[in-house]
Amino acid sequence: MTDTILPDAGPKDAEPAPAPAKGRSLWDDARRRLKRNPAAMISLYIVGVLVFLAAFGPMLWVHPVDEIFREQVGIAPTTTDMHWLGTDTEGRDLMARILFGLRISLLVGVAATAVALTIGVVWGAVAGFFGGVVDTVMMRVVDVLYAIPFIFFVIVLMTVVRTEDPISNLLLIFMAIGAVEWLTMARIVRGQTIALRRREFVEAARASGAGPFAIVFRHIVPNVLGPVLVFASLNIPVIILAESFLSFLGLGVQEPLTSLGSLISDGAANMVDAPWLLIAPAVTMLVTLMALNFLGDGLRDALDPKDR
Amino acid sequence: MLVQVVRRLIVAVPTLLAIITAAFFLMHSAEGGPFDRERQLPPEIERRLLAEYKLDLPVEQQLGYYLLDLAQGDLGPSMTYKDKDVFQIISEGFPTSFVLGVSAITLAVLLGGLLGVMAALRQNRPQDYAVMALAMVGVCLPPLVMGPIFKLVFGETLNLLPSVGLARDQFSIPHLLLPVLTLALPQIAIVSRLMRASTIEAMRSNAIRTARAKGLPEHEIIWRHALPVAALPVVSYLGPALAGVLAGSFVIETVFGLPGIGRQFIIGALARDYTLVMGVVILYSALIIFMNMLVDVLYGVLDPRARTA
């Protein structure tokens with residue numbers, strides 16, 4: 001195809017023209033840079049293991065999460081009967097509880113980030129693309145909300161709205177945390193959108209008759225995904241922490257569900273007699289937070305090398 | 001500068017009013033009233049009780065009365081402590097929480113700032129990497145995890161420091177050391193990162209090149225010319241830092257058994273003591289908004305470019 005455009009491309013019967021140099025997309029570059037960052041790669045594997053444990057651990061582990069061992073209440077870590085991390089004050093296997101708590105914590109992190117991502121991307125893209133009064137009003141709202149210390153609001157919300165059903169309580173946590181974490185996302189997306197909206201490919205889409213919403217969601221949003229992804233990955237540990245904070249205060253997930261935060265809270269209450277109840281979930285929490293943070297940092301360096 | 005203060009106040013007051021209104025309606029949307037748990041009262045007495053607390057009025061009127069009382073510093077009666085009102089509970093806990101928060105923020109700014117400058121002046125050398133690695137780890141050590149761990153290690157196991165208990169209005173450094181350190185840890189990490197980045201940028205600026213060209217001694221370049229500029233991001237981080245420390249104090253006061261507002265807040269939240277929860281939320285929101293305002297004004301003082309007429 002090139003030789004019809006460029007007259008002095010080689011003769012047709014010669015060797016086939018060398019394939020055009022394989023273009024390296026942003027994502028190829030990013031992957032290469034990520035692979036060269038050992039901390040991020042190790043974190044990636046750790047996150048992989050944690051996700052696997054959260055997804056399948058509770059099914060694979062020998063003890064079910066809700067089984068009560070009446071003869072083995074509050075025993076220290078031991079190999080007998082496979083209580084590798086001991087049992088809690090009610091005789092439940094701690095390993096099973098931690099696997100289950102990890103599942104809930106990661107679930108909250110991902111689900112609430114998804115909520116924040118959706119609101120933030122739509123809000124920011126619409127404000128940035130339409131500009132003018134729409135932009136001013138929408139961003140003013142973000143500014144005002146920014147001034148409000150939102151963790152308190154989540155606390156009030158969790159105090160006031162009480163559901164007896166643990167599942168709807170969990171949904172409430174997703175909503176409450178996700179609904180307060182979208183502000184930064186909206187700002188990032190708006191900035192990126194403003195930078196993109198005068199670009200040629202947007203012009204081309206407009207010329208070919210695409211409506212404003214098609215342009216925003218088919219052309220602009222895919223192009224702002226890099227920074228959004230970085231922010232989302234760094235946001236997951238923040239949300240896990242927020243959920244743990246609520247659970248630690250007794251306002252988060254309810255029994256029979258559990259999360260790393262409520263396990264740490266239980267452990268802190270019994271630390272003198274049963275320190276393992278504190279140490280095991282605390283270590284799990286620290287490993288999770290660190291792996292996610294290092295991975296997010298690595299992603300940022302990989303996708304936005306300027307920022308190093 | 002006065003213009004700026006007034007301008008910020010014009011924004012801050014409606015924000016605070018919006019917070020109070022939202023929290024108020026949220027609180028009143030809850031099912032059940034505060035007296036539901038009492039044993040069944042005769043209807044006449046219940047009516048008088050509701051009238052006494054103005055709970056029989058429409059919500060908008062209740063909000064009006066609440067704001068009116070609030071303007072006089074009255075946050076209403078507590079619903080768990082029968083003999084105290086919310087203002088009393090808050091003012092009893094305030095000194096402890098205040099000392100805790102101010103010490104943690106001071107520690108974070110001083111130590112974090114120092115570490116950040118050290119790292120920046122040794123950019124890409126071992127000292128820099130060491131500080132940044134510490135900061136990276138520090139961000140992942142929330143009070144929620146480190147509070148109980150510190151208490152277990154230093155208090156219960158090594159018996160180095162008292163791990164629990166502090167009489168009201170009596171402050172002793174050994175009692176406060178662990179709580180303050182726990183609260184400050186993530187903030188130290190964040191401040192040191194901010195300070196490192198801004199110092200590196202400041203040292204590369206034209207102003208510093210000019211100062212070097214004038215032949216000023218290096219310490220004077222750093223202290224007089226680079227640091228005031230480099231400190232700006234840290235100054236603007238003070239608002240979020242305060243929010244972080246206040247939220248952390250809920251956990252820390254509970255873990256270390258300190259008689260501050262945070263612990264009362266948690267007890268109140270668990271007992272559904274709406275008025276107490278409201279009172280603390282309003283107080284802390286006002287503090288944070290005030291802090292943000294202070295930061296904006298301070299910013300104008302430190303950075304002439306940020307002064308707008």
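The model is predicted, so local features need pLDDT of at least 70 and side-chain atom pairs count only at pLDDT 80 or more, while totals for chains, interfaces and linings use all residues. Residues are numbered from 1 along each chain as its sequence is written, and chains are lettered from A and ligands numbered from 1 in the order in which they are written.

**Stop 1: chain B**

Among contacts in chain B with a separation of 6 or more, 75% join residues 24 or more positions apart; two residues are in contact if their C-beta atoms, placed from the backbone, lie within 7 Å.

**Stop 2: α8 and α9 of chain B**

Next select residues 206-213 (α8) and 218-230 (α9) of chain B, which pack at an angle of about 150° with axes 10 Å apart. Axes are lines fitted to C-alpha atoms over the stretch in contact, and angles run from 0 to 180 degrees between N-to-C directions. The angle therefore makes α8(B) roughly antiparallel to α9(B), a term for angles over 145 degrees. Show side chains for A207(B), I208(B), A211(B) and R212(B) in α8(B), which meet I221(B), H225(B) and A226(B) in α9(B). The residues of this contact divide into 5 nonpolar, 1 polar and 1 charged. Ala, Val, Leu, Ile, Met, Phe, Trp, Tyr, Cys and Pro count as nonpolar, Asp, Glu, Lys and Arg as charged, and the others, Gly among them, as polar.

**Stop 3: where chain B touches chain A**

Show both chains. The contact takes 35 residues from chain B and 33 residues from chain A. Helices of chain B that each supply at least two residues to this side include α1 (2-28), α10 (232-255) and α12 (274-302). The chain B side divides into 28 nonpolar, 4 polar and 3 charged residues.

**Stop 4: M285(A)**

Finish at M285(A), in helix α13 (residues 276-303) of chain A. Is M285(A) buried or exposed? M285(A) counts as buried because it has 28 C-beta neighbours inside 10 Å. Leaving aside neighbours within four places in sequence, M285(A) is in contact with S244(A), L260(A), I264(A) and V145(B). I264(A) is 21 residues from M285(A) in sequence and 8.8 Å away in space, C-alpha to C-alpha.

Methods:
Helix = DSSP H or I, 4+ residues; strand = E, 2+ residues; numbered from the N terminus. Parallel < 35°, antiparallel > 145°, perpendicular 65-115°, else oblique. Buried ≥ 20, exposed ≤ 12 C-beta atoms within 10 Å, placed from the backbone.
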